[in-house]
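I opened the notebook to write down what I looked up, one entry at a time. The structure comes first, and the entries follow.

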Amino acid sequence: MDPPHARFHLEHRPLGKALVNGAPVVALTIVAVVVLGTIGLALFGVRRVKMDPQQYIVGGRSFGTVFLWVLLAGEIYTSFTFLGMAGWAYGLGAPAYYIFAYGTCAFVIGYFLLPAIWRIGKERLLLTGADFFQDRYGSRALGVMVAVVQFVMIVPYVTLQLSGLQLLLRIAGYGAFDATIAVCVAFILVALFVFTAGLRGTAWASIVKDALVLGAVAFAGIAIPIQFFGSPAKMIDQVLRVHPHALTLVAGTAEHGTVWYVSTVLLTAIGFYMGPHGMSAVYSARSENALRRNAMLLPLYQIVMLLVFFAGLAALLIVPGLKGAAVDQSFLLVVQRYYPPWVMGFVAAAGSLAALVPASAQLLGAASVFSKNVLGTFGIATGDAARMLATRVLVLVVALLALGFWLEEQKTIVELLLIYYNGITQFMPGIAAVFLWPRANVWGVAAGIAVGFILAIAFAAANVTLWGVNVGFAALLGNVIVMVVVSLLTPVRKAPAAII
Amino acid sequence: MVSLRIWLAAIPIAALSIAIPLVNRIEPRVLGLPFVLFWIVAWILLTPAFIWSIGRLERRW
């Protein structure tokens with residue numbers, strides 16, 4: 001169907017199947033060249049770096065503003081951004097606004113929180129988030145608990161990236177082939193890349209990824225609306241004519257209403273840095289001020305999300321009718337149907353990097369936390385060389401686990417992200433208490449995490465709706481209450497090593 | 001008394017979270033954006049200025 005006011009007449013371009021001659025080859029070749037080229041560049045970037053655990057896991061704590069920027073921003077530009085945000089704009093409209101808001105709120109919190117975490121990490125030579133708990137609460141068991149939870153939670157997050165990757169490759173292949181094998185190959189490649197290059201390699205790859213994603217998003221969010229509707233503003237007029245309620249939130253406690261919006265923004269802003277890869281990124285900073293400067297500048301990056309949102313809206317008008325998990329394809333279908341294969345190739349390449357590069361940081365974070373805090377605590381692989389080897393092997397193990405989970409259970413991108421956030425945010429009370437409430441002790445923190453985690457899973461499994469409040473937020477409240485009560489009922493903790 | 005720094009941090013967070021139900025409407029459109037979306041984008045652009053001011057108050061830069 002031709003959208004009204006289209007400047008671009010849709011019949012002029014052959015649709016889907018007609019393009020199959022040669023199109024998938026062009027598009028997929030571009031994807032392969034870009035992905036391999038990025039891996040090659042990153043390996044070149046780290047060729048003279050001598051690897052020890054400090055270098056491999058936290059980049060030798062030497063990253064300045066640029067590397068830090070791309071690592072912290074890696075959390076924003078994953079395939080969730082690229083496909084999930086557009087998919088939400090397409091499928092739900094206004095609820096997608098939460099994605100602009102939570103990152104920005106997280107950076108304000110980060111201005112205060114990250115330098116404090118960094119200082120303790122540097123002083124006490126910490127490598128992982130679990131180290132932080134172990135050191136501050138003086139309990140190895142707590143370190144093991146945090147490590148295991150982080151390790152388990154990272155699997156759905158990596159799986160999310162795989163779902164995104166499959167979608168991209170299938171669309172870039174114009175439906176001519178089943179992308180499952182290609183996803184497995186790409187992913188094993190990335191695991192091997194992390195095996196070799198560590199965090200510094202990931203930072204190099206992130207630079208290429210961000211440049212390409214920026215280009216792809218500018219194309220999808222500006223060029224598509226201009227070509228089809230004249231301007232983004234005219235596109236919004238059109239959206240409002242067809243879907244008058246799409247661009248405001250439903251009031252009150254309805255599903256994805258204002259109550260949901262507020263609780264989700266707060267929950268995800270709090271959980272932003274709590275993943276294993278987030279803590280390693282913080283520790284990789286050269287100085288406290290590098291973190292503060294990043295917290296100040298990162299909100300500007302969020303503006304790019306507006307373009308992704310536009311791309312989703314454009315797709316809603318141009319290729320209407322997608323339902324369920326199919327909404328994640330939104331603007332990719334527009335590109336596939338109305339643009340030449342090389343454009344498709346570059347967009348899919350940017351998207352593939354947006355899936356693979358964050359996945360590599362996540363694999364590394366999960367592997368580090370497991371080798372350091374679980375194996376290390378039980379006296380396995382404690383020397384530098386042995387720990388390096390263990391971490392590298394674990395990178396491959398997590399990769400295979402995620403791959404297995406993905407092949408078993410293919411959920412939509414948003415569902416997977418919410419599972420991750422609901423779980424990972426449960427670490428925040430214990431971290432905040434280190435700075436704000438010295439009375440908190442190991443029993444309180446452990447009980448809080450356990451209760452929060454169990455509540456998050458139980459709410460999700462039982463499909464409860466609590467007056468529109470995000471269930472992870474409700475679990476977080478339970479966590480805080482349990483932490484406070486249990487801490488007050490148990491002996492005062494021994495003060496941890498002082499930090500100047 | 002809550003310090004100025006904390007206010008400077010709380011304002012953008014509040015504007016992007018609890019204030020949204022108050023600005024949740026289409027009109028007036030600004031730069032073609034529905035008002036609520038314009039509000040969010042405006043606060044994303046303002047937040048660096050708030051963080052910069054906190055840094056100045058703390059003499060970080």
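**Entry 1: a buried helix**

I listed the buried residues of α11(A) and got Pro276(A), His277(A), Gly278(A), Met279(A), Ser280(A), Ala281(A), Val282(A) and Tyr283(A). I note here that the model is predicted. Helix α11 of chain A runs over residues 276-283, and eight of its eight residues are buried, so the rest of the structure largely encloses it.

**Entry 2: one side of α9(A)**

Next I looked up which residues of α9(A) are buried, and found Pro232(A), Met235(A), Ile236(A), Gln238(A) and Val239(A). They lie on the same side of α9(A), because the arc they cover around the axis is only 160 degrees. I then asked what the buried residues of α9(A) pack against. They pack against α8 and α13 of chain A.

**Entry 3: the nonpolar core**

I looked up the largest nonpolar core, which has 211 residues. Ala314(A), Leu363(A) and Ile40(B) are the ones with the most contacts inside it. Helix α8 of chain A, residues 180-229, gives the most to this core, namely 23 residues. I followed up Ala314(A): leaving out residues up to four places away in sequence, Ala314(A) touches Ile224(A), Pro225(A), Phe228(A), Met235(A), Phe331(A) and Val334(A). Of these, I had already noted Met235(A) among the buried residues of α9(A).

**Entry 4: Val149(A)**

Val149(A) sits in helix α7 of chain A, residues 140-172. Is Val149(A) buried or exposed? I counted 22 C-beta neighbours inside 10 Å, and Val149(A) therefore counts as buried; the cut-off is 20 or more. Apart from neighbours within four places in sequence, its contacts are Gly423(A), Ile449(A) and Phe453(A). Val149(A) and Phe453(A) are 304 residues apart in sequence, yet their C-alpha atoms are 8.7 Å apart in space.

**Entry 5: where the chains touch**

I counted 31 residues of chain A in contact with 26 residues of chain B. On the chain A side, the elements giving two or more residues are α5, α9, α10, α12 and α13. The largest share, eight residues, comes from α5(A). By class, this side of chain A has 25 nonpolar, five polar and one charged residues.

**Entry 6: two helices of chain B**

The axes of α1(B), residues 4-16, and α2(B), residues 35-57, come within 9 Å and cross at roughly 170 degrees. An angle over 145 degrees counts as roughly antiparallel, so that is how α1(B) lies to α2(B). From α1(B), the residues that meet α2(B) include Leu4(B), Leu8(B) and Ile11(B). From α2(B), Ile40(B), Trp43(B) and Phe50(B) are among those that meet α1(B). I sorted the residues of this contact into 13 nonpolar, two polar and one charged.

Where does Pro28(B) lie? I found Pro28(B) in the loop between α1 and α2 of chain B. The peptide bond from Glu27(B) to Pro28(B) is cis, with omega near -5 degrees. Leu31(B) is also in the loop between α1 and α2 of chain B, and its phi is near 55 degrees, a positive value in a residue other than glycine. Leu31(B) counts as exposed because it has 10 C-beta neighbours inside 10 Å. In chain A, phi of His256(A) is near 55 degrees, again positive in a residue other than glycine. His256(A) lies in the loop between α9 and α10 of chain A.

Key
Residues numbered from 1 in each chain as written. Chains lettered and ligands numbered in written order. Predicted model: local features only at pLDDT ≥ 70, side-chain atom pairs only at ≥ 80, totals over all residues. Contact = placed C-beta atoms within 7 Å. Helix = DSSP H or I, 4+ residues; strand = E, 2+ residues; numbered from the N terminus. Nonpolar A, V, L, I, M, F, W, Y, C, P; charged D, E, K, R; others polar. Core = buried A, V, L, I, M, F, W, Y, C linked by C-beta atoms within 7 Å. Buried ≥ 20, exposed ≤ 12 C-beta atoms within 10 Å, placed from the backbone. Arc of directions from axis to C-beta. Axes fitted to C-alpha atoms, helices over the stretch in contact; angles between N-to-C directions. Parallel < 35°, antiparallel > 145°, perpendicular 65-115°, else oblique.
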